[in-house]
Amino acid sequence: MSAERGDSGGAEFERVLENLRGRITDGTYALGALLPPQRELAQEFGVSRDTVQRVLRELKSERLVESRQGSGTRVVKEPIHSLTRPQDDPLIRPTLAPFINRAFAQKVVQLDVFTLTSESLDAHIRMQALRIRAKEIPPPERIEVRLLLPDTSMEFPYLRALGVKKAADGRDEAPPLDRLQAQIQERFRGISARHTSSLRASLIDLETEGVVPSARVEIRQVAMAPPFKLYLRPKAEALSGPYEVLKRTIRLDDGTEIEALDVLGLGSTLLRYVNDEGDPNSTGSVYMGSMQAWFDSCWEHLATPV
């Protein structure tokens, strides 16, 4: 059956994972909802049951779902970056979706972002591109995005292999730790490259197709492991939040399951700061100014173009 083609590699796994993670993020599968049975998911995506099971294990390790025998798989945590979560109290529980909505409500869209990967941002940017094409929002006159990412070749204090939980089928001995570490690093590079490419294409295509007059996406790397993520609308507002370091199981493409140190991005808590032009000494104004100055200095003096 064609569903088996490519399942041994990472492409089909990543495709299904991104789709299901996106459905949890955009509210298709809301908090407390059951995901479709594994057989249905396998048929829908044209993959094997084994691939679906791997994806569900990954979502479980990210603390987004919980599986119980006889009860199916249920969404147990709604990502902070939810595309549909109402922002009832933005001072207490801000989310990325309203922040991006406000950015794209301007005639000139300006975003400065510092993050481990552009995974969360990519989903929201693609949503805005769809809204512009569907004429749900007016096309901006100009889009300017500066994306600051860590150098993917550097050593991270997280993204580390700790040991083998289960060797690949048919393998007597587990691979050495340094080889597992190399595989984790390659996995990270693939995730980062895929989402930065998607984000860039989503915006540049708007200009190429004549939907918006101008779209500029600049991406630079810095030799720094992000302890937090930062989203800036210059002179307007900022969102920032720390990455939570956790131990979790990662299944590699060859079937080896390892324990690793990773960071939680989709569920990280964000804080919002607003530039109060009436009071330049307010907490929001001071934070905005200091973080913008920090971003600009890293961009100018430490980062290299990608």
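Predicted model: local features only at pLDDT ≥ 70, side-chain atom pairs only at ≥ 80, totals over all residues.
## A residue in a loop

A polar contact is a pair of N or O atoms within 3.5 Å; within protein, one of them must be able to donate a hydrogen and the other to accept it.

You will find T115 in the loop that runs between β3 (108-114) and α5 (119-133). Its side chain makes a polar contact with the side chain of Y243, at 2.8 Å. Leaving aside residues up to four places away in sequence, T115 touches L147, L148, L149, P150, P226, K229 and Y243. Is T115 buried or exposed? Its relative accessibility is 2%, and buried means under 20%, so T115 counts as buried.

## A sheet of three strands

Next comes an open sheet with three strands in the order β5-β10-β9, paired in the antiparallel sense. Because β5 (160-166) and β9 (244-251) each have a single partner strand, they stand at the edges, and one side of each has no neighbour in the sheet. From one strand to the next, the twist averages 35°.

How many bridges join β5 and β10? Five bridges link β5 to strand β10 (residues 257-264), and the pairing is antiparallel. Within this part of the sheet, A161 has A260 in β10 as its bridge partner.

## Helices on the sheet

Helix α3 (residues 49-61) lies across β9 and β10, and runs at about 165° to β9. Helix α6 (residues 177-208) also packs on the sheet, where it touches β5, β9 and β10. The direction of α6 makes about 110° with that of β5.

Technical notes:
Residues numbered from 1 in each chain as written. Heavy atoms only, no water. Helix = DSSP H or I, 4+ residues; strand = E, 2+ residues; numbered from the N terminus. Buried < 20%, exposed > 50% of the residue type's maximum accessible area, 1.4 Å probe, protein only. Contact = heavy atoms within 4.5 Å. Pairing = 2+ DSSP bridges. Axes fitted to C-alpha atoms, helices over the stretch in contact; angles between N-to-C directions.
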